[in-house]
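Open the structure in your viewer and keep the selection tool at hand. The tour below goes from one selection to the next.

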Amino acid sequence: MDPEIKIKALPIDEQRCRFTVDRPLLPGRAAYFGDAARAAGSPLAEALFALPDVASVTVAGDVVTVTRGGYGEWPDLARKVGMAIRAQLQSGAPPIAEAALEGMPGEDEIGARVQQLLEREINPAVGSHGGWVELLGVQGNDVFLQLGGGCQGCGMADVTLKQGIETLLRQEIPELGQVFDQTDHAAGRNPYYTASKK
Amino acid sequence: MSRILLLLPTRTWRAEAFLAAARRLGLEITVATDKPLVWTGRVPEGVIVLDFACAERAAEQAAEFAREHPIAAVVGADDDTVVLAGAIAKALGLPHDPIAALEAARDKRVQRERLLAAGLPVPRFTRFRLDEDPAAVAARVGLPCVIKPLRLAASRGVMRADDVTSLGAAMRRLGALLASPDVDASGECRHEALAETFLPGAEVALEGLLEDGALRVLALFDKPDPLDGPYFEETIYVTPSRVAPETQARIAKIVTRAAAALGLTRGPIHAELRVNVWGPWILELAARPIGGLCSRALRFEGGVTLEELVLRGALGLNTAGTTREADASGVMMVPIPGAGVVERVEGVADAGRVPGIEQVVITAHAGERLVPFPEGSRYPGFIFARGEDPAAVEAALRAAHGRLRFVLAPEADAATSGAR
């Protein structure tokens with residue numbers, strides 16, 4: 001094993017964990033594997049699906065996101081995922097088959113699809129509360145958004161983002177990674193709902 | 001995956017913390033609000049609107065929703081929703097505390113009567129009509145005394161009076177507040193209030209979880225700023241407490257007995273007590289976690305948050321053994337700097353650079369009207385600190401606050417003034 005390969009594991013929740021590797025696995029591109037059958041021919045994805053309880057794998061740039069089917073503590077599975085990633089990098093073989101990348105959206109395509117959803121569905125909806133949502137950028141399959149108008153500083157902005165916008169984006173773009181809110185909510189001048197209860 | 005119905009009034013601070021906790025636990029969340037959000041109806045399993053003003057109707061609406069989306073637990077995020085959450089849980093056949101117990105915890109007068117009947121140390125109190133003769137009220141509780149509305153939270157409307165004249169003025173002021181359109185007071189809550197003997201002493205707040213009636217103390221906060229009136233705006237909370245260990249044990253015992261006296265057996269509680277030469281006195285016990293953004297001051301082993309513990313407890317999952325991190329921590333609810341309209345807040349980055357400060361969150365937005373206590377209750381921001389000991393945390397919070405400067409414009413004209 002190459003001791004120089006550094007991997008940082010950050011559990012997102014009890015079902016998802018994000019592994020950031022100190023070198024690129026899939027530069028500028030993203031691949032999503034919803035089941036073991038789709039992983040066939042892609043060595044890293046195959047190795048990860050061989051681990052117990054792995055339900056889906058996303059590889060984007062230097063980040064691998066693993067979703068497990070059940071619940072449990074991450075340390076044991078995370079250690080095995082780390083070993084699989086290191087073994088793959090040491091082999092020198094491409095981690096993801098070129099064929100698997102066909103049809104997988106790159107940053108540009110994810111950005112375009114998010115933009116389309118913003119224009120077609122999301123902004124008309126939040127516009128009814130005087131708000132808007134802007135796409136700041138895409139990194140790998142992570143999306144960075146900024147909220148404005150009535151959404152900026154709104155006490156319900158997080159509900160709007162997580163329960164509405166993110167749900168909709170994930171329905172339409174299953175390959176999506178994380179959705180980050182980059183809004184300076186303190187600068188909002190006209191929030192639709194203002195928190196005031198203790 | 002378990003689905004939790006989370007009741008969030010549209011004016012709550014608590015949305016972000018609870019949604020993040022649910023995500024970390026891998027739970028499905030349906031947010032129920034009192035007013036429609038933009039996604040109500042568009043993402044049916046994500047956001048629903050319930051009639052918060054009518055528990056019976058809300059329970060029917062929730063039951064209808066649960067037929068298609070089974071619910072494992074109902075959680076009320078703050079004062080306004082805990083009774084409603086109990087009523088909905090009852091209708092869905094889910095574990096819950098008795099509605100009468102939740103209502104008693106919500107009503108300051110009923111709560112006091114139950115605590116007194118249980119032999120717990122509470123200040124002498126009386127319920128009075130706001131149009132009553134102040135001298136008659138003073139005769140029942142003595143002077144100085146404190147008057148407080150039956151239901152408002154965050155010390156809103158709470159005032160100290162040292163003589164009959166100032167008591168009369170405070171009663172008129174409270175009456176005007178309860179009649180104002182932004183206060184949802186009706187019936188007895190609008191025309192009556194509670195008066196109690198003013199107790200000198202330091203104040204503490206206990207954060208805990210009840211499991212089958214047993215109290216697990218999650219944190220005991222000191223409130224180092226004296227709360228002697230005339231108004232009772234809270235500022236600093238620091239934990240661990242510097243109160244003597246034997247007194248801390250007595251505090252936990254009193255809170256356990258208070259919860260039992262009210263009939264509470266499960267879920268989060270937040271209790272406030274005064275400690276003086278006669279020992280701890282319980283002022284209030286709420287069946288909810290700490291309010292505002294203050295829960296960010298609490299972190300448990302493995303980075304677990306208070307909201308994660310609340311959600312796990314609601315699902316009946318084991319939360320035992322989760323202890324608070326070793327560091328001292330604290331939060332300052334930034335005092336309202338004065339009446340006026342916020343133009344800008346200066347020194348935020350500078351405040352954040354004070355050693356020990358983790359976060360400075362300004363929640364007041366430009367153009368927002370600030371209303372000082374006792375009529376107001378919305379803190380313009382929160383400062384969070386961590387350190388080796390409580391004294392260092394308290395010092396960091398004060399130093400950071402000293403670097404903030406709120407620039408306010410009087411509401412009547414555009415002239416500006418600096419206020420700290």
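This is a predicted model: local features need pLDDT of at least 70, side-chain atom pairs count only at pLDDT 80 or more; totals for chains, interfaces and linings use all residues.

**Domains of chain B.** Start by colouring three ranges of chain B: 3-97 is domain 1, 124-197 is domain 2 and 328-420 is domain 3.

**Domain 2 against domain 3.** Select these two domains of chain B; their centres, taken over C-alpha atoms, lie 29 Å apart. Eight residues from domain 2 of chain B and six residues from domain 3 of chain B make the contact. Together the two domains bury about 550 Å², with carbon and sulfur atoms giving 53% of it. Now show Ala154(B), Arg156(B) and Arg173(B), which supply 66% of the area that domain 2 of chain B buries against domain 3 of chain B.

**Chain B against chain A.** Next, display both chains. Here 45 residues of chain B contact 34 residues of chain A, and the buried area is about 3,500 Å². Select Arg11(B), Arg23(B) and Trp39(B): these three supply 22% of what chain B buries against chain A.

Zoom in on Arg23(B) with Glu166(A), whose side chains meet in a salt bridge of 2.7 Å, N to O. Five residue pairs are in polar contact across the interface of chain B and chain A.

Finish with helix 1 (15-24) and strand 2 (28-33) of chain B, each of which gives at least two residues to the side touching chain A. Helix 1 of chain B gives the most, with five residues.

Definitions and conventions:
Residues are numbered from 1 along each chain as its sequence is written. Chains are lettered from A and ligands numbered from 1 in the order in which they are written. Side-chain values use heavy atoms; hydrogens and water are left out. Domain bounds come from an automatic or database domain assignment. Contact means heavy atoms within 4.5 Å. Buried area is the accessible area (1.4 Å probe) that two parts lose on being put together, summed over both. A salt bridge is a side-chain nitrogen of Lys or Arg within 4 Å of a carboxyl oxygen of Asp or Glu. A polar contact is a pair of N or O atoms within 3.5 Å; within protein, one must be able to donate a hydrogen and the other to accept it, and residues adjacent in sequence count only if both atoms are side-chain atoms. Helices (H or I, at least four residues) and strands (E, at least two) are DSSP runs, numbered from the N terminus.
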